[in-house]
Amino acid sequence: MTSTVRTDDPIGDLRRDLGDGLVLRWSTPADTDAIADLAGAVFRDNDDGPPNAFLMNMVRRHMRGDHPLLGPHDYIVVEDTRADRKRFVACACYQHEEWTYDGVSLPVGRPEIVAADPDYRRRGLVRTLFGAIHDRCEHDGKLVQSITGIPNFYRQFGYEYAVDLGGSVTVPVSLLPKAKDGEAEPYRLRKATREDVPALIACYEQSQRGSLVVSRLDERFWTYNIDAENEPDAMLGFVRVRIVESGTGEFCGLVVAQGSGTHFRVALMEFTPGTNLARIRPSLVRALVNLSADKLTPDDEPITRLVFELGRDHPFYQVIPHEYEPRQQPPYAWYVRVPDLPAVLRRIAPVLERRLAESPVAGYDGDLLLDFYRTAVRLTFTDGRLGDVRDQGPAGRHDRTPRAGFPPLVFLRSLFGHASLDELRTAYPDVGTGGEAGPLVNALFPKRPSRLFAP
């Protein structure tokens with residue numbers, strides 16, 4: 001995942017007076033503890049519970065300056081300057097990520113850890129935070145924004161559910177088979193090293209080839225997480241990168257996992273082509289159980305479930321026996337925001353032209369109108385090549401251009417392959433097509449699975 005960690009504020013010394021002693025600004029290294037205190041307080045399990053140590057440590061990792069996605073100047077904060085000590089009452093971080101869309105790079109800005117002190121809510125502070133992040137994304141050329149978050153909330157800032165998030169199969173540890181006494185395991189997990197990074201990248205990229213939208217995980221992502229686990233404080237290296245290898249040391253795949261309470265989550269599991277997953281499965285699940293217990297202290301509850309959070313579908317799901325009582329959970333979804341749709345469509349023009357050439361409407365000459373009722377985007381094709389994409393005002397009633405109508409933001413589900421045109425028509429009566437628009441939309445924006453990884 002390519003990123004540039006910022007060492008100063010790239011859009012000037014933003015310091016905005018919000019009234020009542022509240023000031024909006026970007027963070028500095030000196031703000032680390034105050035941001036961690038706010039995140040720990042807001043995201044605790046209940047009002048009387050202890051601060052969320054997991055989130056507090058995550059903030060501290062972000063602010064050290066060596067994280068692959070963000071640095072000490074990438075939190076937007078609201079400070080109450082009337083307090084007798086430094087006190088932040090709202091914050092959000094800004095991660096620099098990269099997706100690929102059918103092989104085309106898309107720069108992404110990702111807000112996360114959105115926190116507001118309960119005593120300062122309903123003042124529009126989160127909206128103000130997002131305005132600043134969106135301005136920064138525009139400055140940095142981030143064509144897409146994405147966030148994981150609570151249901152419905154982020155739609156008010158121009159986001160729509162458009163890419164699968166999560167999707168898992170959970171199995172109880174108590175039902176997993178034990179190894180026979182004295183029998184050597186034919187497969188094992190080994191801690192990854194920096195020397196493994198080329199193989200990790202190759203395995204990950206090969207396994208993602210069927211996905212429409214993919215998180216790009218570059219060398220910096222892998223080395224950071226490999227090194228973090230070797231630090232003295234175990235909380236700083238909670239992500240565990242492991243190599244799946246045969247008893248003879250042959251590289252067979254990779255695992256990225258982490259613990260959370262009594263559940264041990266496998267966030268990535270990929271294999272080299274030709275690996276027999278049914279043969280590898282018994283040794284692999286035993287190795288994961290052993291890994292889950294590796295960092296436990298006497299006060300920790302033992303892991304009771306393995307959670308394979310590998311998306312809607314994954315080849316490993318097919319080899320989990322019914323006697324393990326697997327419980328499948330469908331995906332949630334990423335929120336996605338596209339502030340300049342014509343810019344994204346121009347960016348992915350090679351993909352659109354290839355799809356068109358392979359469709360029943362190959363070589364199309366003419367326009368396609370994407371009608372969002374108050375606004376519209378016009379695409380102009382010449383012999384199957386996308387020549388122009390432009391915004392226009394509301395489409396005229398008598399415009400006979402092939403037209404596809406979508407309520408605002410709903411088109412993002414089509415753009416990112418999350419739903420077919422027929423599925424959108426079923427869910428939204430105001431999705432419709434006229435003339436050649438139906439075959440064109442089906443050709444240009446087919447439903448395709450995606451497996452984004454959320455580091």
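Reader: In this predicted model, is Asn 152 buried, partly exposed or exposed?

Author: Asn 152 belongs to the loop between E6 and E7. Its relative accessible area is 48%. Buried means under 20% and exposed means over 50%, so a value of 48% falls in between and Asn 152 is partly exposed.

Reader: What is the value of phi at Asn 152?

Author: Asn 152 is a residue other than glycine.

Reader: How many aromatic pairs does a search of the whole structure find?

Author: A pair of aromatic rings is described by the distance of the centres and the angle of the planes. Rings pair if their centres lie within 6.5 Å. Searching the whole structure in this way gives 22 aromatic pairs.

Reader: Is the pair of Phe 130 and Phe 157 stacked or edge-to-face?

Author: The two ring centres are 4.9 Å apart, with 20° between the planes. Planes under 30 degrees apart count as stacked. The angle of 20° is under that cut-off, so the pair of Phe 130 and Phe 157 is stacked.

Reader: How many residues apart in sequence are the parts that this pair ties together?

Author: Phe 130 is in helix H3 (residues 125–140), whereas Phe 157 is in the loop between strand E6 (144–147) and strand E7 (160–165). Phe 130 is buried at a relative accessible area of 1%, and Phe 157 counts as buried at 10%. Because the partners sit in these two elements, the pair ties together parts whose separation in sequence is 27 residues.

Reader: Is the pair of Tyr 204 and Trp 222 stacked or edge-to-face?

Author: The ring centres of Tyr 204 and Trp 222 are 6.4 Å apart, and the angle between the planes is 65°. Planes over 60 degrees apart count as edge-to-face. The angle of 65° is over that value, so this pair is edge-to-face.

Reader: Which helices hold Tyr 204 and Trp 222?

Author: Both Tyr 204 and Trp 222 are buried. They are 18 residues apart, and their pair links distant parts of the chain. Tyr 204 is in helix H4 (residues 197–207) and Trp 222 is in helix H5 (residues 219–229).

Reader: With which residues is Tyr 224 in contact, leaving aside its neighbours within four places in sequence?

Author: Tyr 224 is part of helix H5. It counts as buried, at 9% relative accessibility. With the neighbours within four places set aside, the residues in contact with Tyr 224 are Arg 61, Arg 64, Asp 66, His 67 and Pro 68.

Reader: How many of the eight residues of H11 are buried?

Author: Leu 440, Ala 443 and Leu 444 in H11 meet Leu 352, Arg 355 and Leu 356 in H8. The buried residues of H11 include Leu 440, Ala 443 and Leu 444. H11 is mostly covered, and its count of buried residues is six.

Methods:
Residues are numbered from 1 along each chain as its sequence is written. This is a predicted model: local features need pLDDT of at least 70, side-chain atom pairs count only at pLDDT 80 or more; totals for chains, interfaces and linings use all residues. Side-chain values use heavy atoms; hydrogens and water are left out. Rings of Phe, Tyr and Trp (its six-membered ring) pair if their centres lie within 6.5 Å; planes under 30 degrees apart count as stacked, over 60 as edge-to-face and the rest as tilted. Helices (H or I, at least four residues) and strands (E, at least two) are DSSP runs, numbered from the N terminus. Buried means under 20% relative accessible area, exposed over 50%, partly exposed in between (1.4 Å probe, protein chains only). Contact means heavy atoms within 4.5 Å.
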